[in-house]
Structure formats: structure tokens, C-alpha cells
Amino acid sequence: MAKSVLSVGLLALVLIAAGCTGANAPKVIPKADVAGTVTLDGKPMEEERGEIHFIAGGEAPVILPIKAGKFEGKVPASECRVEVKAWKKGEPIMMDGKPFGEPKDENYIAEQFSEKSTLKASVPAAGAKDLKFEVEKKK
């Protein structure tokens with residue numbers, strides 16, 4: 001009895017492993033070095049809580065910090081959709097005229113550069129060192 005349970009368990013592991021490494025396995029996009037600048041309303045983005053997201057295919061976004069208007073790191077060598085975000089503390093939730101809990105973080109970059117971004121970057125396998133993105137605050 002124990003031998004057949006062990007055999008079934010071993011067969012299940014082999015089938016699972018084959019399914020994870022076969023033709024259905026997700027394709028990994030190679031990474032390339034990038035660097036560039038982000039301006040906010042015409043000036044270098046100085047926010048300490050700024051970030052730039054590179055999104056390629058079905059992969060999770062690669063998020064790089066923006067410091068003194070500059071970013072650098074490794075992102076998918078592919079056509080990427082780009083989102084820029086910067087965070088500040090929002091207004092506290094009010095209950096009975098008093099603040100309740102901690103204020104939530106709010107992204108203050110306009111949607112066309114953030115959640116609904118149309119920004120793109122073509123990143124070659126050799127990388128890209130002069131990417132430039134101009135964004136605006138929400139109005």
C-alpha cells in the first residue's frame with residue numbers, strides 16, 4: 001500500500017515538473033542596462049518617492065527609483081510600456097470630524113503618464129543609456 005502511494009506521488013511530481021518546463025513554460029525576456037532622465041513639469045523630477053516602471057509582455061513590471069531626475073537599472077530588452085509614478089501622503093480619512101488612521105499614499109503624476117500611460121521605450125539587447133521622459137502632475 002505504501003509503495004503504491006509513493007509511486008503515485010513520484011509520478012505526480014514528474015508530471016508537474018514536465019508541465020513547468022515544457023512548451024507551456026513562460027518565456028523569460030533577457031534584461032538590458034538602461035539609464036535616463038525624467039522631467040516633471042519641465043524640471044528634473046526631484047521627488048524622493050519617484051519611480052519608473054518598465055512593463056514588457058506578460059512579465060511583472062521592473063520598477064526603478066528616480067533620484068535627482070535620473071534612473072538606471074536592468075529592464076526587459078523589448079518594447080516596453082513605461083509608467084512614471086511619484087507618491088505623497090493623501091488627505092486623512094475623516095470620521096466625526098477627526099482624522100481616522102494613517103493617510104494613504106497618492107500618486108500625483110497625471111494618468112496619461114502613469115496608470116493609463118502611453119509612454120513607450122524600445123530597449124535593445126545592447127541597452128539604452130539616453131532615455132528621456134517628460135511628465136506632468138495631475139491638474
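Analyst: Lys116 is exposed, as its relative accessible area is 58%. The model is a predicted one. The side chain of Lys116 meets that of Glu111 in a salt bridge, with 3.7 Å from N to O. Glu111 has a relative accessible area of 39% and is therefore partly exposed.

This pair belongs to a count of eight salt bridges. Side chains of opposite charge can pair when their charged atoms come close. Another of the bridges joins Lys139 and Glu136, at 4.0 Å from N to O. The cut-off for a salt bridge is a side-chain nitrogen within 4 Å of a carboxyl oxygen. Lys139 has 90% relative accessibility, so this residue counts as exposed. Glu136, with a relative accessible area of 32%, is partly exposed.

A further bridge runs between Asp105 and Lys89, whose closest N and O atoms are 3.4 Å apart. The two residues sit in distant parts of the chain, with Asp105 in strand β9 (residues 105–107) and Lys89 in strand β6, 16 residues apart. Lys89 counts as exposed because its relative accessibility is 52%, and the cut-off for that class is over 50%. Asp105, at 36% relative accessibility, counts as partly exposed. Both residues also belong to a network of salt bridges that includes Arg49.

The surface has a nonpolar part too. Ile93, Met95 and Phe100 form a patch there, and together they have about 300 Å² of accessible area. Ile93 lies in strand β7, which covers residues 93–95. With a relative accessibility of 44%, Ile93 counts as partly exposed.

Setting aside neighbours within four places in sequence, Val38 is in contact with Ile52, Phe71 and Phe133, among others. Other contacts of Val38 include Lys43, Pro44, Met45, Ile66, Gly69, Val84 and Val135.

Key
Residues numbered from 1 in each chain as written. Predicted model: local features only at pLDDT ≥ 70, side-chain atom pairs only at ≥ 80, totals over all residues. Heavy atoms only, no water. Patch = residues over 30% accessible without salt bridge, like charges linked within 9 Å, V, L, I, M, F, W, Y side chains within 5 Å. Areas by Shrake-Rupley, 256 points an atom, 1.4 Å probe, with all protein chains shown as cover. Helix = DSSP H or I, 4+ residues; strand = E, 2+ residues; numbered from the N terminus. Buried < 20%, exposed > 50% of the residue type's maximum accessible area, 1.4 Å probe, protein only. Contact = heavy atoms within 4.5 Å.
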